[in-house]
Amino acid sequence: MTNFCEKAREVTDLFRISGEYNYLIKVQTRSIEELAEFQDSLLKFGPSKSHISLKNIVENRVLL
């Protein structure tokens, strides 16, 4: 998975997470069709779920 994501141009961030899934992949595509194609390319790694960000409410918060 990590090698795939390092090479995929759509991937902007890759996080190892706990819970139901192992990874959170942040991607950026030009269209929903490109997103669907990218998600299809993930099928070899198992099931996945997409969540689409509509708006960033809090941006560039610095945690001290």
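**Figure 1. Overall view of the predicted model and its buried residues.** A residue is called buried when its relative accessible area is under 20%, and exposed when that area is over 50%. The model shown is predicted, and 11% of the 64 residues of its chain count as buried. The chain has 2 helices and 2 strands, and from the N terminus on these elements follow the order α-β-β-α. Taken along the principal axes, the box filled by the C-alpha atoms is roughly 40 × 30 × 20 Å. Of the contacts in the chain with a separation of 6 or more, 26% join residues 24 or more positions apart.

**Figure 2. Close-up of the hairpin formed by S1 and S2.** Strand S1 covers residues 11-16 and strand S2 covers residues 23-27; the two pair in the antiparallel sense over 5 bridges. Between the strands of this hairpin lie 6 residues. Gly 19, in the turn, has a positive phi of about 115°. Two facing positions may be located in this view: Val 11 stands opposite Val 27 in S2, and Asp 13 stands opposite Lys 26 in S2.

Figure 3. Ala 8 is found in the loop between helix H1 (2-7) and S1. Its relative accessibility is 13%, and Ala 8 therefore counts as buried. Ser 48 is 40 residues from Ala 8 along the chain, and the C-alpha atoms of the two are separated by 16 Å.

**Figure 4. Close-up of the largest pocket.** The volume of this pocket is about 1,000 Å³. Its lining consists of 29 residues, and those nearest its centre are Leu 24, Ile 25, Lys 26, Lys 49 and His 51. S1, S2 and helix H2 (32-41) each contribute at least two residues to the lining. The largest share, 5 residues, is supplied by S2. Sorted by class, the lining has 15 nonpolar, 11 polar and 3 charged residues. Lys 26, one of the residues nearest the centre of the pocket, is the residue of S2 that Asp 13 stands opposite.

Figure 5. Leu 63 counts as exposed because its relative accessibility is 75%. The C-alpha atoms of Leu 63 and Ala 36 are separated by 34 Å, and the two residues are 27 residues apart along the chain.

Conventions: Residues are numbered from 1 along each chain as its sequence is written. This is a predicted model: local features need pLDDT of at least 70, side-chain atom pairs count only at pLDDT 80 or more; totals for chains, interfaces and linings use all residues. Side-chain values use heavy atoms; hydrogens and water are left out. Two strands pair if DSSP finds at least two bridges between them. Helices (H or I, at least four residues) and strands (E, at least two) are DSSP runs, numbered from the N terminus. On a 1 Å grid over the protein atoms alone, a cavity is a set of points where a 1.4 Å probe fits but cannot get out, and a pocket is an open set with protein on both sides within 12 Å along at least five of seven lines; lining residues have an atom within 4 Å of a point. Grid points are joined across faces, edges and corners, and a volume is the space filled by probe spheres set on the points. Ala, Val, Leu, Ile, Met, Phe, Trp, Tyr, Cys and Pro count as nonpolar, Asp, Glu, Lys and Arg as charged, and the others, Gly among them, as polar. Buried means under 20% relative accessible area, exposed over 50%, partly exposed in between (1.4 Å probe, protein chains only). Contact means heavy atoms within 4.5 Å.
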